[in-house]
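Okay, thanks for making time, everyone.

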Amino acid sequence: MDVKIAPTWKIALKNEFEKTSFYQLKDFLKSEKTQHIVFPPGEKIFEAFNKTPLDRVKVVIIGQDPYHDLEQAHGLCFSVPDGVRFPPSLNNILKELASDLNIKPPKSGDLTSWAEQGVLLLNATLTVRAHQAGSHQNKGWEQFTDSVIQKVSESQAHCVFILWGAFAQKKEALIDANKHLILKAVHPSPLSAHRGFFGCRHFSKANDFLAAHHIQPIHWNLD
């Protein structure tokens, strides 16, 4: 795994890339790719970092691991490439987006425009074996992405951290709540969305916080 990552992240995460655990993770992925299909494609593994350099992060949305079906994962949590059918959780996210901001539901599930504005779309695990959800958990990615969350918390001022579901909410301990806004709700999965995800209004709340600190809000509308 050749790590091609935005310079600001390369500097900030230098120590992480040099840890034994990261070399072990690279060895695991090399072995995995000889036996299985792995998502996302290699050049997209660090897409979230390349679309959202550290010094531009305004909002962090934390997912668990990439989508595991063909053509879905492209390195941004919850996002799918243009033209790909919306997975159920993304469908609910876009329903809440439309309701919160009183806009038409978008036709595309590609969230790249958010990433380019400063929304770090971070999965805790950056790779997955095809058709096997959670298959690359506990292989070293979580240690790496926990460090990413801490780096954002330490280096940036007045960010919004959006934590959907119990898994993401475990990351709250890594965030300095004295200077950042933490927004929490149940996961947008169809199993839980009706228990408090719908109506959470996290998109408008995030923009209100950014505007209050004289930071350019996010243009959430995807169309």
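This is a predicted model: local features need pLDDT of at least 70, side-chain atom pairs count only at pLDDT 80 or more; totals for chains, interfaces and linings use all residues.

We've got an open sheet of four strands, ordered E3-E2-E5-E6, with parallel pairing. At the edges sit E3, residues 119-123, and E6, residues 181-185, and each of those pairs on one side only. On average, neighbouring strands here are turned by 20° against each other, ignoring direction. If you zoom in on E5 and E6, they run parallel and five bridges join them. As an example, Leu-163 has Lys-184 in E6 as its bridge partner.

Now the helices. H7 lies across E2, E3 and E5, and runs at about 155° to E3. Then there's H9, residues 202-212, which lies across E2, E5 and E6, at about 175° to E6.

On to the core. The largest nonpolar core has 65 residues, and those touching the most other members are Trp-9, Phe-46, Phe-49, Ile-61, Trp-114 and Phe-144. Take Phe-144: beyond its sequence neighbours up to four places away, its contacts include Phe-17, Phe-22, Phe-46 and Phe-49.

Last stop, Gln-156, in the loop between H7 and strand E5. Is this residue buried or exposed? Its relative accessible area is 14%, and the cut-off for buried is under 20%, so Gln-156 counts as buried. And what does its side chain reach?

Terms used. Residues are numbered from 1 along each chain as its sequence is written. Side-chain values use heavy atoms; hydrogens and water are left out. A nonpolar core is a set of buried Ala, Val, Leu, Ile, Met, Phe, Trp, Tyr and Cys residues joined through side-chain atoms within 4.5 Å. Buried means under 20% relative accessible area, exposed over 50%, partly exposed in between (1.4 Å probe, protein chains only). Contact means heavy atoms within 4.5 Å. Helices (H or I, at least four residues) and strands (E, at least two) are DSSP runs, numbered from the N terminus. Two strands pair if DSSP finds at least two bridges between them. Axes are lines fitted to C-alpha atoms, for helices over the stretch in contact, and angles run from 0 to 180 degrees between N-to-C directions.
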